Amino acid sequence: MTTTADRPDTAEVGQSRLRKEDRRLLTGRTRWTDNLELPGMVHLALVRSPVANATITGIDTTEAAAAPGVVGVWTGEDLPEQGAMPIAWTVSDNLKVPSLMPLAVGTVKHVGDVVAVVAATSKDAADDAAGMVDVSYDELLVVMDPIAALEADSPLVHPELGTNVCATWGMDSVALGTGGDVEEAIRAAEADPDQVVIRRTLRQNRITPAFVEPRSIVVDPTAEQVTMWSATQVPHILRILLAMTQPVDEHELRVIAPDVGGGFGGKLQATREEALVLLIALRLQLPVKYTETRMESMQSAHHARDQVQRLTLAARKDGTITAFDVDLVADMGAYLGILTAGIPLLGGFMFNGIYKIPAYRFFCTDVFTNKVMTDAYRGAGKPEATFGIERMMDELAVELGLDPIEVRRRNWINPDEFPYATVAGLTYDSGNYDQATDRALELFDYDGLRAEQARRRESNDPVQLGIGVCTFVELSGLAPSRVLGSLNYGSGGWEHASIRMLPTGKVEVAAGTTPHGQGHATAFAQLVSDELGIPFEDITLISGDTATVPRGMDTYGSRSLVVGGMAIVGAARRVVEKARPLAAHLLEADPNDLEYDRGTFTVRGTDTSKTIPEIALAMWLAHDLPDGMEACLDSESTFDPENFSYPTGTHLAAVEVDTETGKVTLRDYVCVQDVGVLVNPMIVDGQVHGGLTQGIGQAMYEEIRYSEDGQLTSGSLADYLVPHAPDVPRYRTDTTVTHATTNTLGVKAVGETGTTAAPPAIVNGVLDALRPLGVTDITMPTTPLKVWSAIQAARSEKGGAS
């Protein structure tokens with residue numbers, strides 16, 4: 001039992017606690033979905049299309065059905081009960097939604113489309129039989145490029161829709177009432193000798209979340225409820241979406257997300273594989289398991305990014321921006337996931353970045369191609385926007401012959417201007433870009449590196465030095481429900497939590513957010529410890545199960561702390577308020593005469609006190625409760641934020657480029673983040689390091705590639721390069737703190753910041769190294785071949801030798 005002497009002497013928030021979860025995770029005592037073995041369980045194997053666009057002319061399952069161990073084989077025609085997979089974001093009135101069935105019926109639209117499913121008594125038997133299914137295809141023309149898909153004579157991915165345009169959506173500062181007319185401002189700039197107009201077309205490469213644990217699903221229909229275990233980020237959302245689209249009622253379905261090996265948005269989905277396992281389990285009335293291979297993951301789990309950005313920026317010759325126009329073409333792939341069509345929309349609110357832009361327009365065209373669908377990946381729309389504006393800030397600096405830091409300083413929001421209403425219609429609550437940038441420059445030795453760069457250029461060193469800059473703000477903490485509603489988003493943005501006070505003074509925290517590597521059990525325990533005075537070690541997290549935590553909106557968009565954490569704090573504070581009358585009764589005092597400090601009620605002016613654990617035991621015993629008091633100290637809270645969270649920072653990259661081979665080496669990387677109050681600095685560092693590594697991956701290594709006929713040519717981790725420890729430098733990180741004003745703790749989000757800032761910082765650095773050679777653009781990833789080719793092309797343009 002906890003006593004006053006056991007109460008922590010120092011605040012937990014701000015301590016770098018080792019993660020509670022890690023001992024179990026690192027010693028192999030994990031609960032991955034694929035580890036589950038149930039009596040009588042059968043295994044599924046999926047038959048996937050080897051072609052990118054075709055009519056299915058026949059499927060012969062005879063040999064597969066007769067194979068040893070096979071329980072059943074089904075095609076789309078055999079599952080009339082299957083329902084189309086859902087979407088959650090109707091971004092515009094002109095949105096076109098092609099039907100995505102768990103099993104394809106009649107046609108396939110990308111390599112990896114599912115055409116049949118085999119159930120067998122072992123995984124090997126199912127895989128063997130899947131190879132016996134004979135599918136005949138009548139191949140059709142494909143379109144793999146989103147710009148080509150907009151041409152009048154392009155093949156149509158979905159002929160029944162009559163177009164490859166999925167949706168269009170836009171905003172502008174005149175309609176929003178936040179600024180002037182973009183076209184007028186650009187025309188004025190073109191006619192003004194004291195202004196410049198810069199036009200660039202940038203490309204976001206297609207990438208994949210590449211989570212460590214492939215997707216895995218087990219469904220057991222044999223108990224009172226149908227139970228699904230899935231490697232998902234969103235058990236609560238998944239339960240609702242499956243109940244809305246497949247033949248199972250919500251109250252009959254329990255969804256559990258056990259240990260999940262990474263997600264990064266890639267498991268923010270209701271997948272056709274989850275629906276298929278559910279459908280076959282209901283058919284057979286047996287437990288069913290499916291775990292994808294890495295190749296299946298690459299060719300069917302959703303991809304991300306893949307945009308063409310046509311950008312126009314106008315500015316005075318002193319560097320002050322006067323207008324910014326964004327014309328975006330976003331590749332949806334062949335189908336829509338739950339958020340696919342809306343991911344570019346999120347970026348629309350952030351292309352203005354941290355800058356005071358008086359006129360702004362954003363217009364997006366979502367386009368179908370014969371590829372895997374795109375959807376959320378760490379940052380989800382905001383990294384694309386940050387890349388666009390930060391690349392253009394460097395282009396402006398080059399055009400005017402100014403230092404890239406100075407150009408940014410002349411345009412960014414000053415500390416005394418917060419809260420700041422942006423040209424895109426948002427309100428940034430707090431920030432200090434000077435403070436973070438000055439600290440980053442100090443750590444980086446910016447002036448020293450510029451001097452070294454000048455020496456290398458003067459000596460024609462074959463290895464040139466580039467300095468990349470990114471100053472950014474990130475929209476996180478999804479989200480105010482009313483804002484989501486105004487954008488036709490299919491759910492709210494609230495989060496729920498409950499505190500269960502045990503008679504022995506211990507605490508169970510039931511959180512609606514679901515962890516998959518973030519350190520929830522540790523950070524949430526720190527929050528509760530400070531609120532209730534309960535030792536960190538005496539607090540346990542319960543999450544990821546719709547039966548034990550029935551309410552929740554799950555984990556994505558860096559919302560766990562700033563939304564989920566605030567729900568936990570709210571529940572803890574309700575425990576305190578419920579405890580106050582009983583404490584007063586036990587202390588024979590007026591409730592208004594009690595002072596409360598981190599777990600202890602004290603009668604003002606005395607040393608007479610009662611702790612929360614003592615009150616919890618008294619409540620459980622119920623021997624001496626005030627009349628009418630319910631014998632329960634448990635409390636719950638639902639938190640719906642008033643605003644998004646806006647973490648900021650400055651990232652600086654020192655990049656060496658071998659002009660003879662094209663090899664890019666990231667020599668140094670400094671980032672200074674402002675993520676508000678730090679609950680656990682060690683976890684913050686881990687989130688930043690992980691995000692940086694993924695951002696570096698997009699900038700330098702990762703790219704999903706397709707051939708002209710739609711074949712995936714990067715279908716394994718041998719072909720799709722993710723960075724390893726030797727590929728990244730020892731990051732140098734620091735933090736500055738401006739308190740968020742949108743929550744009582746002053747915390748901001750952190751999970752997506754590194755992924756957002758790293759790509760523009762690195763690409764700006766590579767181009768900074770190569771501009772003297774005439775190189776003006778390189779599309780990500782900056783592989784040696786791409787860099788070398790860009791150098792040769794620039795030399796050829798200058799008439800030099802290649």
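Biologist: What relative accessibility does arginine 604 have?
Modeller: Keep in mind that this is a predicted model, where local features need pLDDT of at least 70, side-chain atom pairs count only at pLDDT 80 or more, and totals for chains, interfaces and linings use all residues. Residues are numbered from 1 along each chain as its sequence is written, and side-chain values use heavy atoms, with hydrogens and water left out. We call a residue buried under 20% relative accessible area, exposed over 50% and partly exposed in between (1.4 Å probe, protein chains only). Arginine 604 counts as partly exposed, because its relative accessibility is 44%.

Biologist: Which residue does arginine 604 form a salt bridge with?
Modeller: Side chains of opposite charge can pair when their charged atoms come close. For a salt bridge we want a side-chain nitrogen of Lys or Arg within 4 Å of a carboxyl oxygen of Asp or Glu. Here the closest N and O atoms are 3.4 Å apart, and the partner of arginine 604 is glutamate 595.

Biologist: How many salt bridges does a search of the whole structure find?
Modeller: Some share partners: Asp145, Arg203, Arg206, Asp306, Asp331 and Lys371 are joined into one network that way. Searching the whole structure, we get a total of 55.

Biologist: How many residues apart are glutamate 183 and arginine 361?
Modeller: These two form a salt bridge, with the closest N and O atoms 3.0 Å apart. Helices (H or I, at least four residues) and strands (E, at least two) are DSSP runs, numbered from the N terminus. Glutamate 183 sits in helix α6 (residues 182-191) and arginine 361 in strand β15 (residues 360-368). The pair links distant parts of the chain, and the separation is 178 residues.

Biologist: Which helix holds arginine 409, the salt-bridge partner of aspartate 438?
Modeller: The closest N and O atoms of aspartate 438 and arginine 409 are 2.6 Å apart.

Biologist: What is the radius of gyration of the protein?
Modeller: The protein has 21 helices and 28 strands. We take the radius over C-alpha atoms and compare it with the globule rule, 2.2 Å times the number of residues to the power 0.38. For 802 residues that rule gives 28 Å, and the protein is as compact as a globular protein of that length because its own value is close to that, at 28 Å.

Biologist: What percentage of the residues count as buried?
Modeller: The C-alpha trace spans about 95 × 75 × 50 Å along its principal axes. Of the 802 residues, the buried share is 61%.
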